[in-house]
Amino acid sequence: MPQRENIINSYHYTAENAVTQFAVVVEGTDDGEVDMPGGADVGAIVGVAQHAAAAGERVNVAEPGSFTRAIASAAIARGANVSITGTNGKVKTAAPSSGANTFIVGQAKSAAAADGDQIFIFINPSVMQGA
(Lines give C-alpha, C1' and ligand atoms only; values in the text may rest on other atoms or scores of the structure.)
Protein backbone atom coordinates (compact mmCIF):
# COMPACT_ATOMS: atom_id res chain seq x y z
CA MET A 1 0.00 0.00 0.00
CA PRO A 2 1.43 3.41 -0.88
CA GLN A 3 2.41 5.77 1.89
CA ARG A 4 0.07 8.77 1.88
CA GLU A 5 0.74 12.24 3.16
CA ASN A 6 -1.27 15.40 2.98
CA ILE A 7 -0.62 17.16 -0.33
CA ILE A 8 -2.44 20.41 0.00
CA ASN A 9 -3.19 23.79 -1.42
CA SER A 10 -3.85 25.54 1.84
CA TYR A 11 -4.74 29.01 2.99
CA HIS A 12 -5.26 30.69 6.34
CA TYR A 13 -8.77 31.69 7.34
CA THR A 14 -10.30 32.93 10.58
CA ALA A 15 -12.51 30.48 12.46
CA GLU A 16 -15.93 32.07 12.97
CA ASN A 17 -16.64 29.46 15.67
CA ALA A 18 -14.48 26.63 16.99
CA VAL A 19 -13.41 24.13 14.32
CA THR A 20 -12.17 20.56 14.66
CA GLN A 21 -9.01 19.15 13.10
CA PHE A 22 -9.72 17.35 9.79
CA ALA A 23 -13.36 18.52 9.75
CA VAL A 24 -14.92 19.84 6.55
CA VAL A 25 -15.47 23.59 6.87
CA VAL A 26 -17.77 25.93 4.96
CA GLU A 27 -17.92 29.65 4.25
CA GLY A 28 -18.33 31.77 7.36
CA THR A 29 -20.44 34.90 7.69
CA ASP A 30 -17.69 37.37 6.80
CA ASP A 31 -15.02 37.34 4.11
CA GLY A 32 -12.04 35.24 5.13
CA GLU A 33 -14.00 33.24 7.72
CA VAL A 34 -14.79 29.53 7.84
CA ASP A 35 -17.19 27.67 10.09
CA MET A 36 -18.36 24.17 10.85
CA PRO A 37 -21.24 23.03 8.58
CA GLY A 38 -24.81 23.95 9.51
CA GLY A 39 -26.05 20.43 8.70
CA ALA A 40 -25.70 17.44 6.42
CA ASP A 41 -24.99 17.67 2.69
CA VAL A 42 -24.61 21.47 2.69
CA GLY A 43 -22.74 23.49 0.08
CA ALA A 44 -20.37 26.48 0.34
CA ILE A 45 -17.56 23.98 1.04
CA VAL A 46 -14.19 25.68 1.58
CA GLY A 47 -12.14 22.59 2.44
CA VAL A 48 -10.79 20.64 5.41
CA ALA A 49 -9.34 22.25 8.56
CA GLN A 50 -5.78 21.06 9.13
CA HIS A 51 -5.83 21.76 12.87
CA ALA A 52 -8.30 22.68 15.57
CA ALA A 53 -8.94 26.38 16.20
CA ALA A 54 -11.02 28.37 18.63
CA ALA A 55 -13.39 31.12 17.49
CA GLY A 56 -11.40 34.06 16.16
CA GLU A 57 -8.18 32.09 15.67
CA ARG A 58 -6.47 31.51 12.34
CA VAL A 59 -6.94 28.07 10.79
CA ASN A 60 -5.08 26.48 7.91
CA VAL A 61 -7.58 24.95 5.44
CA ALA A 62 -6.81 22.44 2.67
CA GLU A 63 -8.72 23.69 -0.37
CA PRO A 64 -10.06 22.00 -3.54
CA GLY A 65 -7.42 20.11 -5.46
CA SER A 66 -5.79 18.84 -2.25
CA PHE A 67 -5.30 15.35 -0.83
CA THR A 68 -5.89 15.48 2.92
CA ARG A 69 -7.20 13.59 5.91
CA ALA A 70 -10.86 13.77 6.91
CA ILE A 71 -12.89 12.09 9.65
CA ALA A 72 -15.39 9.41 8.64
CA SER A 73 -18.79 9.07 10.33
CA ALA A 74 -19.22 5.41 9.29
CA ALA A 75 -17.72 2.80 6.99
CA ILE A 76 -16.68 4.29 3.62
CA ALA A 77 -15.30 2.39 0.63
CA ARG A 78 -12.19 3.63 -1.14
CA GLY A 79 -13.28 5.49 -4.28
CA ALA A 80 -16.67 6.55 -2.89
CA ASN A 81 -17.91 10.10 -3.28
CA VAL A 82 -18.20 11.68 0.17
CA SER A 83 -20.45 14.40 1.56
CA ILE A 84 -20.85 16.17 4.89
CA THR A 85 -22.50 14.12 7.66
CA GLY A 86 -23.69 17.05 9.76
CA THR A 87 -22.56 19.84 12.06
CA ASN A 88 -19.51 17.79 13.18
CA GLY A 89 -17.84 18.18 9.76
CA LYS A 90 -17.32 14.42 9.32
CA VAL A 91 -17.77 12.75 5.93
CA LYS A 92 -20.05 9.92 4.81
CA THR A 93 -20.68 8.04 1.59
CA ALA A 94 -22.80 10.33 -0.57
CA ALA A 95 -26.18 8.72 -1.25
CA PRO A 96 -28.77 11.26 -2.41
CA SER A 97 -32.39 10.17 -2.81
CA SER A 98 -33.77 9.70 -6.30
CA GLY A 99 -34.00 13.09 -8.00
CA ALA A 100 -32.43 14.90 -5.04
CA ASN A 101 -29.12 16.74 -5.16
CA THR A 102 -26.34 16.59 -2.59
CA PHE A 103 -23.09 18.51 -2.37
CA ILE A 104 -19.99 16.34 -2.70
CA VAL A 105 -16.83 17.18 -0.74
CA GLY A 106 -14.67 14.88 -2.84
CA GLN A 107 -13.58 11.26 -3.24
CA ALA A 108 -12.32 8.81 -0.61
CA LYS A 109 -8.78 7.66 -1.40
CA SER A 110 -8.67 5.22 1.50
CA ALA A 111 -11.37 3.22 3.28
CA ALA A 112 -12.95 3.73 6.70
CA ALA A 113 -14.23 0.88 8.85
CA ALA A 114 -16.10 2.92 11.47
CA ASP A 115 -17.07 6.31 12.87
CA GLY A 116 -14.03 8.36 13.82
CA ASP A 117 -11.61 6.72 11.37
CA GLN A 118 -9.31 9.14 9.55
CA ILE A 119 -9.28 8.64 5.79
CA PHE A 120 -7.58 10.37 2.90
CA ILE A 121 -9.79 12.28 0.50
CA PHE A 122 -9.25 14.28 -2.65
CA ILE A 123 -11.17 17.55 -2.22
CA ASN A 124 -13.22 18.21 -5.34
CA PRO A 125 -16.56 19.88 -4.49
CA SER A 126 -19.40 19.15 -6.87
CA VAL A 127 -23.10 18.29 -6.92
CA MET A 128 -24.45 14.74 -7.30
CA GLN A 129 -28.02 13.84 -8.18
CA GLY A 130 -29.59 10.63 -6.92
CA ALA A 131 -30.61 8.10 -9.55
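Q: How many aromatic pairs does the count come to?
A: The count is one aromatic pair. Rings of Phe, Tyr and Trp (its six-membered ring) pair if their centres lie within 6.5 Å; planes under 30 degrees apart are stacked, over 60 edge-to-face, and the rest tilted.

Q: Which residues form the pair, and how far apart are they centre to centre?
A: Phe-67 and Phe-122 form it, at 4.8 Å centre to centre. The planes are 45 degrees apart, which makes the pair tilted.

Q: Which strands do the two Phe lie in?
A: Phe-67 is in strand S6 (residues 67–71) and Phe-122 in strand S10 (residues 118–129), so the pair ties together parts 55 residues apart in sequence. Strands are DSSP E runs of at least two residues, helices H or I runs of at least four, numbered from the N terminus.

Q: Before I go on, what sort of model is this?
A: This is a predicted model: local features need pLDDT of at least 70, side-chain atom pairs count only at pLDDT 80 or more, and totals for chains, interfaces and linings use all residues. Residues are numbered from 1 along each chain as its sequence is written, and side-chain values use heavy atoms, with hydrogens and water left out.

Q: New topic. How many salt bridges does a search of the whole structure find?
A: The search finds two. A salt bridge needs a side-chain nitrogen of Lys or Arg within 4 Å of a carboxyl oxygen of Asp or Glu.

Q: What does Lys-92 form a salt bridge with?
A: Its partner is Asp-41, with the closest N and O atoms 3.3 Å apart. Lys-92 lies in strand S8 and Asp-41 in the loop between strand S3 (33–35) and strand S4 (45–49), so the pair ties together parts 51 residues apart in sequence. Lys-92 is partly exposed at 24%. Asp-41 is partly exposed at 26%.

Q: And which side chain does Asp-115 meet in a salt bridge?
A: Asp-115 meets Lys-90, at 2.7 Å N to O. Asp-115 sits in the loop between S9 and S10, and Lys-90 in the loop between S7 and S8, 25 residues apart.

Q: Is Lys-90 buried or exposed?
A: Lys-90 counts as buried, at 19% relative accessibility. Asp-115 is partly exposed, at 49%.

Q: Now S7. How many bridges join S7 to S8?
A: Three bridges join S7 to S8 (residues 91–93), and the two run antiparallel. Strands pair if DSSP finds at least two bridges between them. Ile-84 has Val-91 in S8 as its bridge partner.

Q: How many residues lie between S7 and S8 in the hairpin?
A: Six residues lie between them. Gly-89 in the turn has a positive phi of about 75 degrees.

Q: How many bridges join S7 to S9?
A: Two bridges join S7 (residues 81–84) to S9 (residues 101–108), again antiparallel. Asn-81 stands opposite Gln-107 in S9.

Q: Zooming out, how many helices and strands are in the chain?
A: The chain has zero helices and 10 strands.

Q: How many of the residues count as buried?
A: Of the 131 residues, 44% count as buried. The C-alpha trace spans about 40 × 35 × 25 Å along its principal axes.

Conventions:
Buried < 20%, exposed > 50% of the residue type's maximum accessible area, 1.4 Å probe, protein only.
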